[in-house]
Amino acid sequence: MNFLFWGGLAQGAVVFAAIYHVVEARWGLTIRRLAEGMAAFLPVSFLLFFPLYPALDLFFGRIQDVNPLRGAWFDPRFIFVRGGLGLGAMTVVSLLFVYYSLRPEVGAALERGLRPRRWLYGVLAQGWQGERLEIQRSERGMDVLAAGVLLAYPITYTFMAFDLIMALDPFWYSSLFGVYFFVSSFYLGLSGLTVVVALLARRGLPGIASRQLSDLGKLVFGFTLMYAAMVWSQYIVIWYGNLPEETHFVVLRLWEHPWAPLSWSALAAVVLAPFVVFLSRRAKENTTIMLSIGLLISAGLWLERYVLVVPSLWPGDIAPLGWMEIGVTAGFLGAAGWSYGFFFQHFPLLPLTPSVQAPNPAGAHALEKTSSSA
Amino acid sequence: MRRRSTGSGSERVSPTRTEKAKMPERWEERWTLPPPMDRGLIRACIGLSGLGAAILLIAVLHDPARA
């Protein structure tokens, strides 16, 4: 459950950076780099997928006994192999995208002696061919890889939703669930980004003012509605079909003890509160409110992941929500924080690309004009 | 002062609001910005992840459904 939450958060943020590049946005260059930084957690997340195998083997073995008709597609080894391959490909494409974003500024910094030639910088700037050429090459690489990220993301996350959440219930299936999951993971990435941006805006990070906060708030507001639409689309089809093998999944989570209070709390935190608060323009420009709403959505989506996964595995009358769950979540938070901190110990907060920001005074002037007119 | 359309009329936007969003003038200065997390915070994160890993191990051995 924590694997789905923290991996989804990091991947959602990288998808935001890819969309930002594809649409040639200019409204928040600093925010783009903050999103790219979350890619540092992706290798950790990929490694954390492997210890899941014993659990998959245990649970899917039991489910196969309950419903033997599911066949070879849900064989734990097959799930593990296709999940590992998909997640590995997604991680590689995302890291390459961030590599092309970082390479010109690392190479230029080494060329000017701004940074010592450490192994990491050496690897990133290997075969350096000069600033102008590298910036062009980097932009071409980012064009291709951003498209790759945006194509691979829905496919990989659809399979993850089917294999790691939906398949935990022996009888439930929904073809829409994959879309629901990758949209909610993107929303999660945005909420995590809102928390980071609001925290850094309070510390006066250049490139983030009330305008950038407001734009990010509008995006979060839009995805609040998008998420609500996904929940509704999922619900209406199941309710309209009224088929017992589909309704039991929803009834268990929304109407039965002990899961119902958790599900409704998650829905209030993820949809209701941000919708009401972000109707106000001033709220979107206030760092405290942005921080609170970002944290609330993140907590709500953690609860949502919990409610999606745990009821399929836990037969007890009391929801298992104690020190173990909190401790494991804290561990993932630590790992995500450590990888994020590592990234920004080594790379600048403000990006050099796109090429309107050529590393000379004229380029810097062009950037200012761009950011103030965005 | 600039004017921005808001749909229900227009609203005056103080120049200082965009002024604050300015990037450092020289590209080199971007490398000198302090990182968002200091070393103490990163060490705390490493400690937290170690603690989480220990709890995860206990959870796996004690009750895999809760891990």
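**Helices α1 and α2 of chain A are oblique to each other.** The model shown here is predicted. Helix α1 covers residues 2–22 of chain A, and helix α2 covers residues 29–37. The two pack at an angle of about 140°, and 7 Å separates their axes. An angle over 145 degrees would count as roughly antiparallel. The angle here is about 140°, so the pair is classed as oblique. The crossing of α1(A) and α2(A) is left-handed. On the α1(A) side, A:A13, A:V14, A:F16, A:A17 and A:Y20 make the contact. On the α2(A) side, the residues are A:R32, A:A35 and A:E36. Six of the contact residues are nonpolar, two are charged and none is polar.

**A:E24 has a positive phi in the loop between α1 and α2 of chain A.** The value of phi is about 55°. A:E24 is not a glycine. Which two helices does the loop with A:E24 lie between? They are α1 and α2 of chain A.

**Helix α2 of chain A also packs with helix α8.** Helix α8 spans residues 177–202 of chain A. The packing angle is about 120°, with 10 Å between the axes. Angles of 65 to 115 degrees count as roughly perpendicular. The angle of α2(A) with α8(A) is about 120°, and the two helices are therefore oblique. Is the crossing of α2(A) and α8(A) left-handed or right-handed? It is right-handed. From α2(A), the residues A:I31, A:L34 and A:A35 take part. They meet A:L193, A:V196 and A:V197 of α8(A). This contact has six nonpolar residues, with no polar and no charged ones.

**Helices α1 and α3 of chain A run roughly antiparallel.** Helix α3 covers residues 42–49 of chain A. It packs with α1(A) at about 150°, with the axes 9 Å apart. Angles over 145 degrees count as roughly antiparallel, which is why this pair gets that label. The helices α1(A) and α3(A) pass in a left-handed crossing. Residues A:F3, A:W6, A:G7, A:A10 and A:Q11 of α1(A) make the contact with A:L42, A:S45, A:L48 and A:F49 of α3(A). By class, six are nonpolar, three are polar and none is charged.

**A cis peptide bond joins A:H257 and A:P258.** Omega at this bond is about 5°. Where does A:P258 sit? Its place is in the loop between α10 and α11 of chain A. Helix α10 runs over 244–255, and helix α11 over 259–277.

**Chain A is built with 15 helices and zero strands.** Its C-alpha atoms fill a box of roughly 65 × 45 × 35 Å along the principal axes. How does its radius of gyration fit a compact globule? A compact globule of 374 residues would have one near 21 Å, and the 22 Å of chain A agrees with this. The mean pLDDT of chain A is 87, and 94% of its residues score at least 70. Residues 355–374 of chain A stay under 50. In the model, that stretch has 31 contacts beyond four places in sequence.

The mean pLDDT of chain B is 68, and 54% of its residues reach 70 or more. Over residues 1–19 of chain B the pLDDT is below 50. This stretch has 16 contacts in the model beyond near neighbours in sequence. For the complex, the predictor gives an ipTM of 0.74 and a pTM of 0.87.

How values were computed. Residues numbered from 1 in each chain as written. Chains lettered and ligands numbered in written order. Predicted model: local features only at pLDDT ≥ 70, side-chain atom pairs only at ≥ 80, totals over all residues. Axes fitted to C-alpha atoms, helices over the stretch in contact; angles between N-to-C directions. Helix = DSSP H or I, 4+ residues; strand = E, 2+ residues; numbered from the N terminus. Parallel < 35°, antiparallel > 145°, perpendicular 65-115°, else oblique. Left-handed = near helix turned anticlockwise from the far one by under 90°. Contact = placed C-beta atoms within 7 Å. Nonpolar A, V, L, I, M, F, W, Y, C, P; charged D, E, K, R; others polar. pLDDT = per-residue confidence, 0-100. Rg over C-alpha atoms; globule rule 2.2 N^0.38 Å.
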